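Me: Could you walk me through this fold, one question at a time? I would like to start with the strands and then look at some single residues.

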Amino acid sequence: MPKTSRHKIQRRQSAIHGNGVFAIEDIAKGERIVRYKGRLRTHDEVDAEYGGEDETGHTFLFTLNDEYVIDGNFDSNVARWINHSCDPNCESLVEEDAKDRRERDKVYVEALRDIKAGEELTYNYGIVLAERHTPTLKKLWGCRCGAANCTGTMLQKKR
């Protein structure tokens, strides 16, 4: 299993939103930085627990595959604090288990480009909701990344 660079990052206040994760050492393009950890749950379990709650535009749920979700509200690590950006310096990658055991798939955050010490780590959350992306939902899932190409929302176009 490839090593991560989690010793090169730390959580602190972010200008984008609340907490963020920042490089405390330079990180090279292609470097695997951190694994996104949390409680492994089925989509049905997550829907049962959170389905009745009002949307807040804030989530620590990471879709792992069509069976499982990583719930960063429990048993999580610093990766849950990485903010969204429309012009990210990282990407999230799902590493599928070689024996197709879906519950053993993992999510890693990797650098898309060289990242200097002091820079905030970001990736595109890629949120696509089943329902129509109304102006109200786009505002609820508003983006505050400040990038020149910011779309104003974390919601992505449906494919």
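Reply: Gladly! S3 and S9 pair in the antiparallel sense over four bridges. Strands here are DSSP runs of E with at least two residues, helices are runs of H or I with at least four, and both are numbered from the N terminus; two strands pair if DSSP finds at least two bridges between them. Please keep in mind that this is a predicted model, where local features need pLDDT of at least 70, side-chain atom pairs count only at pLDDT 80 or more, and totals for chains, interfaces and linings use all residues. Residues are numbered from 1 along each chain as its sequence is written, and side-chain values use heavy atoms, with hydrogens and water left out.

Me: Which residue in S9 is the bridge partner of Val-34?
Reply: S3 covers residues 32-36, and S9 runs antiparallel to S3. Within S9, the bridge partner of Val-34 is Val-109.

Me: In the open sheet of four strands, which are the edge strands?
Reply: The order is S1-S2-S10-S7, and the pairing is mixed. S1 and S2 run antiparallel and are joined by five bridges, with Ile-9 standing opposite Ala-23 in S2. The strands that pair on one side only are S1 and S7.

Me: Which residues touch the most other members of the largest nonpolar core?
Reply: A nonpolar core is a set of buried Ala, Val, Leu, Ile, Met, Phe, Trp, Tyr and Cys residues joined through side-chain atoms within 4.5 Å. Buried means under 20% relative accessible area, exposed over 50%, and partly exposed in between (1.4 Å probe, protein chains only). The elements giving two or more residues to this core are S2 (19-23), S3 (32-36), S6 (68-71), S9 (106-111) and S10 (120-123). Of its 22 residues, those touching the most other members are Ile-27, Ile-33, Tyr-36, Ile-82, Ile-115 and Leu-121.

Me: How many residues are in the second, separate core?
Reply: Its members include Cys-86, Leu-137, Ala-147 and Met-154. In soluble globular proteins, nonpolar side chains tend to be buried together. The count for this second core is 10 residues.

Me: Is Arg-41 buried or exposed?
Reply: Arg-41 lies in strand S4 (residues 39-42). Its side chain makes a polar contact of 2.7 Å with the side chain of Asp-71; such a contact is a pair of N or O atoms within 3.5 Å, where within protein one must be able to donate a hydrogen and the other to accept it, and residues adjacent in sequence count only if both atoms are side-chain atoms. With a relative accessibility of 10%, Arg-41 counts as buried.

Me: What is the relative accessible area of Arg-12?
Reply: Arg-12 sits in strand S1 (residues 9-13), and a polar contact of 3.0 Å joins its side chain to that of Gln-10. Leaving aside neighbours within four places in sequence, Arg-12 is in contact (heavy atoms within 4.5 Å) with Gly-18, Asn-19, Gly-20, Phe-22, Ile-24 and Gly-118. Arg-12 is partly exposed, and its relative accessible area is 32%.

Me: How many disulfides are there?
Reply: A disulfide is a pair of cysteine sulfur atoms within 2.5 Å. For Cys-86, the nearest cysteine sulfur is that of Cys-143, 3.8 Å away. The sulfur of Cys-143 is 3.5 Å from its closest cysteine sulfur, in Cys-145, so that pair is too far apart for a bond. By this rule, the number of disulfides is zero.

Me: Where is Asp-75 found?
Reply: Asp-75 has a positive phi of about 55 degrees although it is not a glycine. Asp-75 is also exposed, at 55% relative accessible area. Its place is the loop between S6 and S7 (83-84).
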